[in-house]
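Morning, everyone. Please look at the screen while I talk you through one chain.

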Amino acid sequence: MRATRDMITFEHPFTLGGLDGLQPPGTYMVITEEEEITGLSFLAWRRVSSQIYLPAIGAQSGREQVATIDPKDLAKAQARDCEEQFP
C-alpha cells in the first residue's frame with residue numbers, strides 16, 4: 001500500500017458527490033491510497049480509495065471531517081471551478 005497527498009485549491013464554492021451541501025472555497029487535502037498490482041512484469045498501482053479533508057463547520061477549532069470521494073467527481077468539480085474563473 002502507498003498513500004499520496006495532494007493539496008487542491010478551489011477559488012469558488014463547490015459540491016462533490018457524497019458531501020452534504022456547498023463547500024467553501026479554500027485549499028483541501030486529498031489522500032489517495034493505492035495498492036500494488038502484483039504479477040505484472042512492471043510496477044503498477046490500483047487506487048483503493050480517495051478521501052478529502054473538510055473543515056468541520058460548527059465543530060471545535062482544529063477539527064476536520066474526512067469524506068470518501070470519487071476522484072472523477074473531484075476532477076469535474078475542479079474543471080467547473082476553472083470555468084468560473086475564465087467565462
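I'll go from the overall layout to the strands, then the salt bridges, the rings, and one aspartate.

First, the ground rules. This is a predicted model, where local features need pLDDT of at least 70, side-chain atom pairs count only at pLDDT 80 or more, and totals for chains, interfaces and linings use all residues. Residues are numbered from 1 along each chain as its sequence is written, and side-chain values use heavy atoms, with hydrogens and water left out.

Now the layout. The protein chain has one helix and four strands. Helices (H or I, at least four residues) and strands (E, at least two) are DSSP runs, numbered from the N terminus. Read from that end, the order is β-β-β-β-α. Of the 87 residues, 28% are buried. Buried means under 20% relative accessible area, exposed means over 50%, and partly exposed is in between, with a 1.4 Å probe and protein chains only. Then contacts, meaning heavy atoms within 4.5 Å. Take the contacts with a separation of 6 or more: residues 24 or more positions apart account for 40% of them.

On to the strands. Two strands pair if DSSP finds at least two bridges between them. Strand β2 and strand β3, residues 45-55, run antiparallel, with seven bridges joining them. Look at Thr 32: its opposite number in β3 is Ser 50. Strand β3 also runs antiparallel to strand β4, residues 64-68, and here there are five bridges. Leu 54 has Gln 65 in β4 as its bridge partner.

Next, charges. How many salt bridges does the count come to? Two. The rule is a side-chain nitrogen of Lys or Arg within 4 Å of a carboxyl oxygen of Asp or Glu.

Glu 34 bridges to Arg 2, with the closest N and O atoms 2.7 Å apart. That pair links distant parts of the chain: Glu 34 sits in strand β2, Arg 2 in strand β1, 32 residues apart. Glu 34 has 15% relative accessibility, so it counts as buried. Arg 2 is at 36%, so it counts as partly exposed.

The other salt bridge joins the side chains of Glu 35 and Arg 46, at 3.1 Å from N to O. Again, distant parts are linked: Glu 35 is in strand β2 and Arg 46 in strand β3, eleven residues apart. Glu 35 is partly exposed, because its relative accessibility is 30%. Arg 46 is partly exposed too, at 42%.

Now the rings. A pair of aromatic rings is described by the distance of the centres and the angle of the planes. Rings of Phe, Tyr and Trp (its six-membered ring) pair if their centres lie within 6.5 Å; planes under 30 degrees apart count as stacked, over 60 as edge-to-face, and the rest as tilted. That rule gives three aromatic pairs. Start with Phe 10 and Phe 14: their ring centres are 3.8 Å apart and their planes are at 15°, so the pair is stacked. Phe 10 also pairs with Tyr 28, this time edge-to-face, at 6.3 Å centre to centre and 70° between the planes. Phe 10 lies in strand β1 (residues 2-10) and Tyr 28 in strand β2 (residues 26-36), so this pair ties together parts that are 18 residues apart in sequence.

Ring pairs link Phe 10, Phe 14 and Tyr 28 into a cluster.

A quick stop at Gly 21. Its place is the loop between β1 and β2. Gly 21 is partly exposed, at 46%. Leaving out residues up to four places away in sequence, Gly 21 touches Phe 14 and Thr 15.

Last, the aspartate. Asp 81 is in helix α1, residues 71-85. Asp 81 is buried, yet has no salt bridge. The nearest side chain of opposite charge is Arg 80, 8.5 Å away. For charge, Lys and Arg count as positive, Asp and Glu as negative, and His and the chain ends are not counted.

What does lie 2.9 Å from a polar atom of the Asp 81 side chain? The backbone nitrogen of Glu 11 does, and so does the backbone nitrogen of His 12. Setting aside residues up to four places away in sequence, Asp 81 touches Thr 9, Phe 10, Glu 11 and His 12.

Technical notes: A polar contact is a pair of N or O atoms within 3.5 Å; within protein, one must be able to donate a hydrogen and the other to accept it, and residues adjacent in sequence count only if both atoms are side-chain atoms.
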